[in-house]
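Hi,

Here is the structure I promised to pass on to you. Have a look at it first, and then read on for what turned up.

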Amino acid sequence: MKILLINFLFAILFLVSCNGKQDSQRTKVNDKIVIQLQPFKNMKMDEVDNIAKQIETIYPNVEVLPAIDFPKNSYYQPRNRYRADSIIKFLSSQTKDNFFKVGLTTKDISATKGKVKDFGLMGLGYRPGKACVASSFRLNPSKRKEQFYKIIIHEIGHTQGLKHCPKKTCFMRDAEGGNPTDEETDFCDNCRKFLKNKHWKFN
Ligand SMILES: [Zn+2]
Ligand SMILES: [Zn+2]
């Protein structure tokens, strides 16, 4: 009886795998998630396009969305900041399967960190997540573009499931309340290995 049952299960599996061929091919294409860059108003669109091009060198599926306003509930008036968790919640709620959104802004963003109710941030991303957000507000103006890319790629890394990395030169290094991006050069081998399994391409 047991053997029969196992054979029966095999037969079902076989049927499913035959019938599912087209489906599984489709899933293969679909499981390459599309990164959507979502600028908030006041971001320069040519800068967003350049960021997209830069990300495309290591992850081919990137789209740029038209700029939108911040969700109203994200504004924190006492410090003229926008709450990163509210932004992420808003972006996640509008993001379909197989996509994830990266909010981009020049405004200051913040979240509650430990006992600090409103802690200024360069970026925030959950691990894993459907959305993250990066701000250029706290960056060194003379190195803004370079540093902003590093912040963005770090938050995307979290959304993909990466934790903070102990390597000081890795994009996934913990900022620990500062801005160590100038010491970061790339994803380290371990972080690359993780991302390669998610269709990221490195030389
Ligand atoms: Zn982080
Ligand atoms: Zn690393």
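Let me start with the buried residues of α5: they are Q147, F148, K150, I151, I152, I153, H154, E155, I156, G157, T159 and Q160. Before going further, please keep in mind that this is a predicted model.

How many of the residues of α5 are buried? The count is 12 of 17, so the helix is largely enclosed by the rest of the structure. The cover over those buried residues includes the strands β1 (34-39), β5 (99-105), β8 (123-125) and β9 (131-135), along with the helices α3 (45-56) and α6 (189-196).

Just past the end of α5 comes G161, with a positive phi of about 115 degrees.

**The chain as a whole**

Stepping back, the protein chain has 6 helices and 9 strands. It contains 203 residues, of which 31% are buried. Looking at contacts with a separation of 6 or more, 60% of them are between residues 24 or more positions apart.

**The five-stranded sheet**

There is an open sheet of 5 strands with mixed pairing, in the order β2-β1-β5-β9-β8. At its edges are β2 (62-64) and β8, each of which pairs on one side only. From one strand to the next, the twist averages 20 degrees.

Within this sheet, β1 and β5 run parallel and are joined by 6 bridges. In that pair, V34 is opposite F99 of β5. This is also where α5 comes back in: the helix packs on the sheet, touching β1, β5, β8 and β9, and its direction makes about 165 degrees with that of β9. Helix α4 (residues 84-93) lies across β1, β5, β8 and β9 as well, and runs at about 135 degrees to β9.

**The four-stranded sheet**

Another open sheet has 4 strands, ordered β3-β4-β6-β7, and its pairing is mixed. Here the edge strands are β3 (75-76) and β7, each pairing on one side only.

At one end of that order, β3 and β4 (residues 81-83) run antiparallel, joined by 2 bridges, and Y76 stands opposite R81 of β4. Then there are β6 (residues 109-113) and β7 (residues 116-121), an antiparallel pair with 4 bridges. A111 is opposite F119 of β7.

What do β6 and β7 form together? They make a hairpin with 2 residues between the strands, and in the turn G114 has a positive phi of about 55 degrees.

If you want a place to begin, I'd go to α5, where 12 of the 17 residues are buried, and then follow it onto the sheet through β1, β5, β8 and β9.

Cheers

Key. Residues numbered from 1 in each chain as written. Chains lettered and ligands numbered in written order. Predicted model: local features only at pLDDT ≥ 70, side-chain atom pairs only at ≥ 80, totals over all residues. Pairing = 2+ DSSP bridges. Buried ≥ 20, exposed ≤ 12 C-beta atoms within 10 Å, placed from the backbone. Contact = placed C-beta atoms within 7 Å. Axes fitted to C-alpha atoms, helices over the stretch in contact; angles between N-to-C directions.
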